[in-house]
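Please read the numbered points with the sequence and the model open side by side.

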Amino acid sequence: MATWFITGGSRGLGLEITRAALNGGDNVVVAARDPRKLPDELRRHDRVLGVALDVTRSEDITAAVETAVERFGTIDVLVNNAGRGLLGALEEITDSEARSLFDLNVFGLINVTRAILPAMRAARAGKVVNIGSRSGFEGEPGVSMYSASKFAVAGISEALAVELEPFGIQSMIVEPGVFRTDFLDASSLSVAAGRIDAYDGTPAHTTLDWAGTVNHTQLGDPVKGAALIYEVTCQDKLPGHLALGRDAIERQLVKIRSLQDDLAAWQDKSAATACDDAA
């Protein structure tokens, strides 16, 4: 029986990961801004601990982790799922909008991870599962700041995998495509306040218009996606990246081919920039 700590675990993909872990016989600490809003099935479950957590508040993080360890003794799996989106061309997004996004998607993840790692290091075991995005592997128009935050999460995950290996701790980045959750609702997605008409009809605003038409009709099934995340996390060896969904796989293959083409076009001249006396 493992103990999971899931941020943003009260709805969307986080909620379905919570259910998958419970169905697998594990304990789950469900961290949410307001745990009173957890579904009744979770609030009454003897293997669920709901804790109040705003990942942008350091005092919340400390209290939530201490409460979890007091209840279950340890944390075996951390799922950094809390986050939100931001739509708009780069030019439209204000500094405060960008910083608010990074405070949640990046610094919140960093601070929760730092709070939990000491217990994992002491146990010489643990798994860190960071929920990234398809947009964190391939930058997409209209979501540049969101992509930037998820690229940061991917970089952190890759570095953690190497940094934590000596302690028996693994790290994985999950990169979902579009899933049928409430991520496109106003509760999870913001739109840049300063819309610039010049971007109408361009890819940046095409993405914005698309988001307004596909809500709750997206391709991915969050129950199936969460089941796969649970299955993969329970393996002895985690992959570094888990592409989640048909669209995520397709876009990653496109990006890989593009990278290969870019590399081939300039590889010889790039290698020739070495100093003449370099070995």
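**Notes on the predicted model**

1. Apart from neighbours within four places in sequence, Val69 is in contact with Thr74 and Ile75, where contact means heavy atoms within 4.5 Å. Val69 belongs to helix 3 (residues 58-72); helices (H or I, at least four residues) and strands (E, at least two) are DSSP runs, numbered from the N terminus. With 29% relative accessibility, Val69 counts as partly exposed. Here buried means under 20% relative accessible area, exposed means over 50%, and partly exposed lies in between (1.4 Å probe, protein chains only). From C-alpha to C-alpha, Val69 and Arg257 are 45 Å apart in space, and 188 residues separate the two in sequence.

2. On the basis of these remarks: this is a predicted model, in which local features need pLDDT of at least 70 and side-chain atom pairs count only at pLDDT 80 or more, while totals for chains, interfaces and linings use all residues. Residues are numbered from 1 along each chain as its sequence is written, and side-chain values use heavy atoms, with hydrogens and water left out.

3. Phe5 has Leu78 of strand 4 as its bridge partner.

4. Strand 9 deserves a separate look. Strand 7 and strand 9 pair in the parallel sense over 4 bridges, and Pro176 has Leu244 of strand 9 as its bridge partner. In a regular strand the side chains alternate between the two faces of the sheet.

5. How many salt bridges does a search of the whole structure find? The search finds 12, a salt bridge being a side-chain nitrogen of Lys or Arg within 4 Å of a carboxyl oxygen of Asp or Glu. Side chains of opposite charge can pair when their charged atoms come close.

6. One of these salt bridges joins the side chains of Arg19 and Glu41, at 3.0 Å from N to O. The pair links distant parts of the chain, 22 residues apart: Arg19 in helix 1 (residues 12-23) and Glu41 in helix 2 (residues 40-43). Both are partly exposed, Arg19 with a relative accessible area of 24% and Glu41 with 40%. A network of salt bridges links Glu16, Arg19 and Glu41. Glu16 also lies in helix 1 and, at 14% relative accessibility, counts as buried. Not counting residues up to four places away in sequence, Glu16 touches Pro222, Val223 and Ala226.

7. Asp247 forms a salt bridge with Arg134, the closest N and O atoms being 3.0 Å apart. Asp247 lies in helix 8 (residues 246-271) and Arg134 in the loop between strand 6 (126-131) and helix 5 (144-163), so the pair ties together parts that are 113 residues apart in sequence. Asp247 and Arg134 are both buried. In the salt bridge of Arg195 with Asp200, the closest N and O atoms are 2.9 Å apart; Arg195 is partly exposed at 43% relative accessibility, and Asp200 is partly exposed at 39%.

Note on methods. Pairing = 2+ DSSP bridges.
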